[in-house]
Amino acid sequence: MITMGPFLPRLIAWELTGACNLKCVHCRASATKERDENELSTEEARHLIDDITKFADPILILSGGEPLLREDVYEIAEYGTDNGMRVVLATNGTLLTPEIATKLKKAGVQRVSISLDGASAKAHDDFRGTLGAFEGALRGINVLKEAHLSFQINTTVTKRNLGEIPKILDLSLELGADALHVFLFVPVGRGKAIEGDAILPEEYERVLSWLCDMQGKVQLQLKATCAPHYFRIMHQRSRRAEKASGLSMMTRGCLAGTGFCFISKTGEVYPCGYLPVLAGSIREQSFEQIWHQSRVFKDLRDFNKLKGKCGICEFERVCGGCRARAYAATGDYMAEEPCCIYQPRNLL
């Protein structure tokens with residue numbers, strides 16, 4: 001059984017701004033062209049970093065929207081770096097220039113993620129709602145390579161690009177990416193309008209099994225996100241190979257509220273960016289108070305509260321089910337994962 005230890009934030013995604021230059025059909029943030037006047041100020045950003053580093057040492061993901069639309073992104077990144085955080089940045093890549101890459105590197109940004117939701121311009125541009133987005137992302141990747149900045153590819157899987165995932169892996173290898181992170185679509189924000197594009201549970205299983213097959217066969221890191229049953233699949237395979245002891249030290253599938261959280265552009269804290277259940281606001285409480293005292297975080301840390309087949313599953317501490325997908329489907333973040341085909345032993 002996995003032992004979780006103390007619940008401390010290991011990853012924090014921070015939506016620096018809701019503004020973006022693209023119009024992605026699946027956008028969690030329902031991003032717009034204009035910045036929100038209520039976004040956290042530079043001073044509030046510094047205070048938040050101080051508050052976090054008083055008790056934790058997480059990886060800080062600067063995200064959006066498009067974080068490069070904030071002119072103080074370099075200052076915020078440098079402040080996080082100077083306070084001992086590993087700072088990374090998530091961008092669509094189209095705004096990257098050699099000058100920007102130099103600034104990011106100087107600020108201590110250690111990795112940049114760029115989203116590619118297709119292996120061709122047609123597939124990616126359709127998903128991103130903007131002609132030229134694919135070529136812009138590739139230009140951005142070349143800029144990062146020339147600056148010797150580590151980069152990864154992020155891909156969100158829907159019916160639109162399900163058949164292209166192996167090609168995206170090939171492209172990631174060709175481009176020299178350090179990692180490919182495969183995100184399983186959660187219909188929130190603008191993504192609610194394309195809820196029908198979510199792949200079937202059986203297709204989830206096939207995609208995740210394929211990703212498992214690719215582990216160790218390619219020269220880059222592979223990771224599944226918003227797909228906690230990936231860890232159940234890996235655990236099942238490790239048992240058959242009599243290697244379960246090594247996997248028992250792995251991260252848990254769903255980290256929402258246990259090792260991960262999301263901070264909005266206005267300082268609201270959520271278990272993750274796809275689970276819109278408010279834990280608190282840093283304008284009203286310290287981040288540490290929210291992390292330790294929020295009701296939703298306490299619920300998510302009590303695995304005995306899991307419902308349906310997740311509640312009786314022998315992999316509850318390996319997987320836990322996607323709490324955001326459960327909430328999107330039922331309005332209950334402790335309900336069973338709706339996209340898992342596994343039948344727990346207690347149901348057989």
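**Aromatic pairs, sheet and buried elements**

Six aromatic pairs occur in the structure, which is a predicted model. A pair of aromatic rings is described by the distance of the centres and the angle of the planes. One of the pairs joins Phe262 and Tyr270. Their centres lie 6.4 Å apart, the planes stand at 45°, and the pair is tilted. Phe262 counts as buried because its relative accessibility is 6%, under the 20% cut-off. Tyr270 reaches 16%, so this residue also counts as buried.

A further pair is formed by Phe315 and Tyr342. Here the centres are 5.6 Å apart and the planes make an angle of 70°, so the arrangement is edge-to-face. Phe315 sits in the loop between α12 (308-312) and α13 (323-330), whereas Tyr342 belongs to the segment after α13. The pair therefore ties together parts that are 27 residues apart in sequence. Both Phe315 and Tyr342 are buried.

Phe55, Phe287, Trp291 and Phe297 make up one aromatic cluster. Trp291 also has a charged residue over its face: Arg301 lies there, 4.5 Å from the ring centre.

The protein chain has 348 residues, and 58% of them count as buried. It contains 13 helices and 10 strands. Among contacts between residues at least 6 apart in sequence, 71% join residues at least 24 apart. The accessible surface of the chain is about 15100 Å². Carbon and sulfur atoms account for 50% of that surface.

An open sheet of 10 strands runs in the order β7-β6-β5-β4-β3-β2-β1-β8-β9-β10. Its pairing is mixed. The edges are taken by β7 (221-225) and β10 (280-281). Each edge strand has a single partner, so one of its sides is left without a neighbour in the sheet. Strands of a sheet pair through backbone hydrogen bonds, either parallel or antiparallel.

Trp14 has Leu62 of β2 as its bridge partner.

Strand β1 is largely enclosed by the rest of the structure, because five of its five residues are buried. In a regular strand the side chains alternate between the two faces of the sheet. Leu11, Ala13 and Glu15 point one way from β1. Ile12 and Trp14 point the other way.

Parallel pairing also links β3 (residues 86-91) with β4 (residues 111-115), over four bridges. In that pairing, Ala90 has Ser113 of β4 as its partner. Helix α6 (residues 165-175) lies across β5 (151-157), β6 (179-184) and β7. The helix runs at about 170° to β5.

Helix α2 (residues 73-82) has buried residues at Val73, Tyr74, Ile76, Ala77, Tyr79 and Gly80. An α-helix has 3.6 residues a turn, so residues three or four places apart point the same way. Just after α2, Gly84 adopts a positive phi of about 90°.

Conventions:
Residues are numbered from 1 along each chain as its sequence is written. This is a predicted model: local features need pLDDT of at least 70, side-chain atom pairs count only at pLDDT 80 or more; totals for chains, interfaces and linings use all residues. Side-chain values use heavy atoms; hydrogens and water are left out. Rings of Phe, Tyr and Trp (its six-membered ring) pair if their centres lie within 6.5 Å; planes under 30 degrees apart count as stacked, over 60 as edge-to-face and the rest as tilted. Buried means under 20% relative accessible area, exposed over 50%, partly exposed in between (1.4 Å probe, protein chains only). Helices (H or I, at least four residues) and strands (E, at least two) are DSSP runs, numbered from the N terminus. A charge sits over a ring if NZ of Lys or CZ of Arg is within 6 Å of the ring centre and within 35 degrees of the ring normal. Two strands pair if DSSP finds at least two bridges between them. Contact means heavy atoms within 4.5 Å. Axes are lines fitted to C-alpha atoms, for helices over the stretch in contact, and angles run from 0 to 180 degrees between N-to-C directions. Accessible areas come from the Shrake-Rupley method with a 1.4 Å probe; for residues, only the protein chains shown count as cover.
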